[in-house]
Amino acid sequence: LEVIHTPDLPERFRKARIIISSQYVSNSIDQLSELGYNEFYSPLKLLENYDVNKYDHLISRSYMKAQILSIKKAHEAYFDGNKTFMRSLDVMITTKCSMKCESCCNLMQYYTNPEDSEYKKILNEVNIITDHVDDISEFRVIGGEPMMNKEWANISYGMIKDNPKRNIYVWTNGTIPPKDEQLELLKGGNVNFVITDYGKLSVNVEKLREKLTKYNLSFVSTKVRNWVDCSSIRHHQRTASQLQEVYKQCCAKYLYTLLDGRLYTCPLIANAAKLKGIQ
């Protein structure tokens, strides 16, 4: 199918009714409204009775089911209009990482004394947030490399135990093989794994895939083919209008980050603040 760059749409289709299938429904409508469009529709009716077991997908059925649930939650919250909704919450459980990528968007390369977040403290902070919003589409357990925190499985299990309806995603770089007892603990819960495959650097990625398959845990594995330069800790000297444009185009502005009991709207700023790289 042809892919049309968004700013080129008015030249091709001056008037159009647009069905938005992305989770970023609010951002999509804001961008399209500026181009003069005003008729927007949601795929909720199409997804209402969709049975993932009847079809083949590029990802596992269990992972597809989790993704559809996230999309439905995002659209229901937007078109309801009265809900306090968070599309995603990054629960940062460690600043330890098994890699030191030069341009890490979470600034892991700058930590000289990385540390783990405490298990009970994390769960308490998550519950405080969920008590004050109507819904959170997905909880992303991240680091650093989350599996460097020995309590990563207990944290993930604790989040599900507190609320079985939560959609949990554990993001890993495939360097650390989880223990069988950890995966056994998560078996049957709504816990999904997102594996970023860095090729030969992800030394245990095959072992990880095998174990997740063995315990019937949902996962998606993606090979890294490019790098996104998010930003850097420096004074960019942007004007107010330039700052607004950067924020509008930011791909992470709906990915709230929970770090040290504080909630941030930017993962880079969250870690820059912890590193005392900004004031």
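I take buried to mean under 20% relative accessible area, exposed over 50%, and partly exposed in between, with a 1.4 Å probe and protein chains only. This is a predicted model, in which local features need pLDDT of at least 70 and side-chain atom pairs count only at pLDDT 80 or more, while totals for chains, interfaces and linings use all residues. Residues are numbered from 1 along each chain as its sequence is written, and side-chain values use heavy atoms, with hydrogens and water left out.

**Aromatic pairs**

I paired rings of Phe, Tyr and Trp (its six-membered ring) if their centres lie within 6.5 Å; planes under 30 degrees apart count as stacked, over 60 as edge-to-face and the rest as tilted. By this rule I get four aromatic pairs. One of them is Y50 with Y55, stacked at 5.2 Å centre to centre with 10° between the planes. Y55 counts as partly exposed because its relative accessible area is 43%, and Y50 is also partly exposed, at 31%. I then looked up Y78 and F79, which form an edge-to-face pair, 5.2 Å centre to centre and 90° between the planes. Both partners are partly exposed: Y78 has a relative accessible area of 32%, and F79 has 41%.

**Core**

For a nonpolar core I used buried Ala, Val, Leu, Ile, Met, Phe, Trp, Tyr and Cys residues joined through side-chain atoms within 4.5 Å. The largest such core has 32 residues, and those with the most contacts inside it are L89, V91, F139, W152, M159, F193 and L212. The elements giving two or more residues to this core are β3, α5 (119-130), β4 (135-142), α6 (152-162), β5 (168-172), α7 (180-186), β6 (191-197) and α8 (205-214). Helix α6 gives the largest share, five residues. Helices (H or I, at least four residues) and strands (E, at least two) are DSSP runs, numbered from the N terminus.

I listed contacts (heavy atoms within 4.5 Å) for F193. Apart from neighbours within four places in sequence, F193 contacts Y63, M147, W152, V170, L183, L186, L212, L217, S218, F219 and V220.

S156 sits in helix α6. S156 is classed as buried because its relative accessible area is 0%. Beyond its neighbours within four places in sequence, S156 is in contact with V141, V170 and L186.

**R166**

I found R166 in the loop between α6 and β5. R166 counts as buried, since its relative accessibility is 5%. Residues up to four places away in sequence aside, R166 touches V126, N127, T130, F139, M159, I160 and N190. R166 and F139 are 27 residues apart in sequence, and their C-alpha atoms are 7.3 Å apart in space.

**D30**

D30 belongs to helix α2 (residues 25-34) and is partly exposed, with a relative accessible area of 42%. I checked D30 against S62: they are 32 residues apart in sequence and 31 Å apart in space, C-alpha to C-alpha.

**Helix α10**

The buried residues of α10 (residues 267-274) are P267, L268, A270, N271 and A272. Their cover includes β3 (85-92), β8 (255-259) and β9 (262-264). After α10 comes K276, with a positive phi near 60°.

**I233**

I located I233 in the loop between β7 (218-223) and α9 (240-249). I233 is partly exposed, with a relative accessible area of 38%.
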